[in-house]
Amino acid sequence: MLRRVLSGDGLAQFIVFLSATAILALTALLVWELWSHSGPSRAKFGFDFLRTSTWDPVAGVFGALPYIYGTVVTSAVALLIAIPFGVGAAIFLAELAPPRLSDAMTFLIELLAAVPSVIFGLMGIFVLLPLLLKVIPGFKDAAGFLPIFSGPFYGPSLLSAGIVLSIMVAPFIISVSREVLLAVPKDLREAALALGATRWETTWDIVVPFARRGIMGSVFLALARALGETMAVTMVVGNTPKIAASLLAPGYSIAAVIANEFVEATTDLHISSLIELGLVLFGLTIVLNGAARLLILATSGRASR
Amino acid sequence: MRAAAFQTAGGLSFRRRAVNVFMLGLTGVFTVLAVSILFFVLGYLFVQGGFSLNWNFFTKLPVPVGETGGGMANALVGSAKVLLLATCIGVPIGFLAGIHLAEYSGAGYASVIRFVTDLLNGVPSIVIGIFAYALIVTRIGFSTLAGGVALGVMMIPIALRSTEEFLKSVPVSLREGAMALGATKSRTILTVVVPAAIRGLISGMMLNLARVAGETAPLLFTALGNQFWSQGWRQPTATLPAMIYEYAKSPYEDWHRQAWAAGFMLLALVLLVNVTARSIIAGGLSHKTR
Amino acid sequence: MKRTAGFVVAGVAMLAVAASGETQITGTGATFPYPMYSKWFNEYRKLHPDIAINYQSRGSGAGIQQVTAGTVDFGASDGPMNDMQLKEFQDKRGCEVLHFPTVLGADVPTYNIAGVTQALNFTAEALAGIYLGKITKWNDPEIAKANPGVKLPNTDIVVVHRSDSSGTTFIWTDYLSKVSKEWEMKAGRGTAVNWPVGLGGQGNEGVMGQVKQTPNSIGYVELIYALQNKVPFGKVKNPVGEFVEANLASVTAAAAGAAKNMPDDFRVSITNASGKGAYPISSFTWLLIPAKISDPAKKKALTDFLAWMLKDGQTMTQALSYAPLPKEVVAKETKAIAKIK
């Protein structure tokens, strides 16, 4: 036994085992660091941390609601835009486009997912914001009576961040939805067509519902990505910790406030509150990623039956 | 059932045909839109940034605030150093652990490792920055080392996943053949399995690298920045993404110009690596089906 | 395979070897004096190629926090550290932290109004009202009456402030707290306050960028940022009733009283200083240096730099529109360098 361990083979096995265990240790360390360093603020504020909206470093009062609100709203806007476009494009790529064209276009769309966040931020500041400043006043004339489009528009806003995010997460929805749609058995389509359905009816009424869970999974993945986005958001969201009904108002997100305030938080309570925010974000993305995986598995399981 | 709804007396109604054409056309429009956004981003960066690339950009250090003529030479080198360190940390751990999952591990332990790795993968990059700050910066200060550790930790999950996936795709017969010839397990893996999967492993590593190359958030709290050359591993360093961020939100036109140039460089490198990596995989696949 | 590994190792080793004898010092902090510091450290490097003082501007709050945490060698702030922060430094690092004034600067109100390229006059009430969110339109009487003959539009004022912890904010809110009881109660003075209204920009650079890109906006930045970006900025009414523009003379006038009565630790506020021609939103800015530096090379580099800064460095301030330190302060500071052990 000892000889086996001391021989090269045993050593090799031990090394790879150590590496795998190192990952466990590393992750445990990370979670522990987050948990312990956020202790002071968790103890002081409890669940009120998530409910109150005053973030006052001078007075030592920290309520995370504006950041949670901003994160949720920008992600919601992103999904509202990205889901119709994304699922639509996925349908085209899976059902209509000839295979070579579909592969080529998917390849290009997946490259969009590789574009770094700071580049989207750069385009956001110098292309999107000026464009919106031109377009929104006209838009407000038509839709400004709605509370979500009320109030002044300065450029940086929840809406701007939502739009940038939608471009960043759409490739995930397209790519994964296309995969699950392609996995739907051919017989279902052929049966529907044989019964006289149009291509669209087949797709929309038969194929998409069948792949429903997988598509939802892709949405959860996109959402998880949107929640954690830092650079593109902080460059166009306005960095204002206020809760406003209007999408045209500036806002703040969890990731953005951590990026802006972490190196300069001078009190332990401030640092602890920021780390607690990080913990909240971490928790959200875990739940979403887990749910996404289950949903995508559920669809491919169904398809292989 | 739905089937009954499809059948009509005299064939398809005009409405159904119109809806069909319209909706299908719409999906095509959406797809073209998605693809053209990529071309728009690339094209815009090229026009704004490509023409801003000059000799100064590659060779000069930043100049004092408000002056012109500076460059990002130190940021280019700094990024290279941080990424090199990240690769040296993230790839070996992920690779070796991937071998464990693919070749040695029992199913129970494997799912634990996979689960925890997925957890690590889901950590937002800004939180990884906090982790690296608490672990390294509080001990040795802002440094290339801290930045490398932060990005290295981000590389681990993908390195593990892609290693496991590509090793598992190697046919069992190859392993059995080697073992039948008397090779030990570790020998088999090293000389037979890994080389068989090498295409996928390398391209996986390239994609991994391209992903972290663009990460800015973790570098904010770790590498900080440097207007001079960064010596060794324990000094703060300028990096390309961090410079883009700093220059983009500044008011100086010259800095904006440099931010575009840097953005173009970064995007060009990231996309080049991506395309190369994917064609390696694609080449491997067609090679296999022959 | 073995050969490439060898190359990689050699390459890594080469990258890791520090240049012989070069001392690198890292500091972070205020964006207020960043143009001056980046010029100084660049020039100093040219004079002493073996000393690289790397300064990253992240805001005064970061300067205070990171020098206390010991992750950087020195900090910089335009809001002096308060007693609680001084004690925290003492507890964490086992020695005290010394404040060294470097230059005098000014916070100016800068704005982006179509058709208005001249310097507007702002009363204290106007500035307080704008930042409290009570004065919302550019043609509000409080602004208009100080600017007869200027066509002010009937548009909403977009307020811009700092999103990060800032000494520039400290100076601005210190001034507002002195001139407006309501401001003092609602938001108070600090490097980061609970702003009643406005958009956040990161650093002086961020606020300047925001104002430039946002029509009808107003922000507060250090004078040099407005000058370098060629944007208009306003005059502010001082306690003796004059509308004063921020420049070398008016900032120096604001420091005149403090120069004579400078406390030993150099922590002093000169906002709303009375005196003819004094600009009311002026301030010193400080380098924060630990009293004990264990690395002898770093200690020598910093003390040498401070001596240079107090002599040759002071001759370079005017080109960037910072006022040099008063003679009395320079003399006192030169003696204080010896406190660094």
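**A friendly note on this three-dimensional model**

1. Let's begin with the two parts of chain B: the centres of domain 1 of chain B and domain 2 of chain B, taken over C-alpha atoms, lie 36 Å apart. Domain 1 covers residues 1-51 and domain 2 covers 55-289, with bounds that come from an automatic or database domain assignment. Six residues of domain 1 of chain B and five residues of domain 2 of chain B form the contact; two residues are in contact if their C-beta atoms, placed from the backbone, lie within 7 Å. On the side of domain 1 of chain B that touches domain 2 of chain B, three residues are nonpolar, three are polar and none is charged. Here Ala, Val, Leu, Ile, Met, Phe, Trp, Tyr, Cys and Pro count as nonpolar, Asp, Glu, Lys and Arg as charged, and the others, Gly among them, as polar.

2. A word on what you are looking at: this is a predicted model, in which local features need pLDDT of at least 70 and side-chain atom pairs count only at pLDDT 80 or more, while totals for chains, interfaces and linings use all residues. Residues are numbered from 1 along each chain as its sequence is written, and chains are lettered from A and ligands numbered from 1 in the order in which they are written.

3. Now for the make-up of chain B. It has 12 helices and zero strands; helices (H or I, at least four residues) and strands (E, at least two) are DSSP runs, numbered from the N terminus. Chain B is more spread out than a compact globule, because its radius of gyration (taken over C-alpha atoms) is 25 Å, well over the 19 Å that the globule rule (2.2 Å times the number of residues to the power 0.38) gives for 290 residues. The C-alpha atoms of chain B fill a box of roughly 80 × 70 × 35 Å along the principal axes.

4. How much of chain B is buried? Of its 290 residues, 52% are, where buried means that 20 or more other C-beta atoms lie within 10 Å of the residue's own, with C-beta atoms placed from the backbone. Among contacts in chain B with a separation of 6 or more, 74% join residues 24 or more positions apart.

5. Chain A has 14 helices and two strands. Buried residues make up 56% of its 305 residues. For contacts in chain A with a separation of 6 or more, the share from residues 24 or more positions apart is 79%.

6. Chains B and C meet through 22 residues from chain B and 29 residues from chain C. On the chain B side, α4 (73-104) and α6 (125-140) are the elements that give two or more residues.

7. Finally, look at strand β4 (residues 97-112) of chain C, where 15 of the 16 residues are buried. β4(C) pairs with strand β11 (residues 282-290) of chain C in the antiparallel sense over nine bridges; strands pair if DSSP finds at least two bridges between them. In β11(C), C:T285 is the bridge partner of C:V103. β4(C) also runs antiparallel to strand β8 (residues 217-222) of chain C, joined by six bridges, and C:D107 stands opposite C:E222 in β8(C).

How values were computed:
Buried ≥ 20, exposed ≤ 12 C-beta atoms within 10 Å, placed from the backbone.
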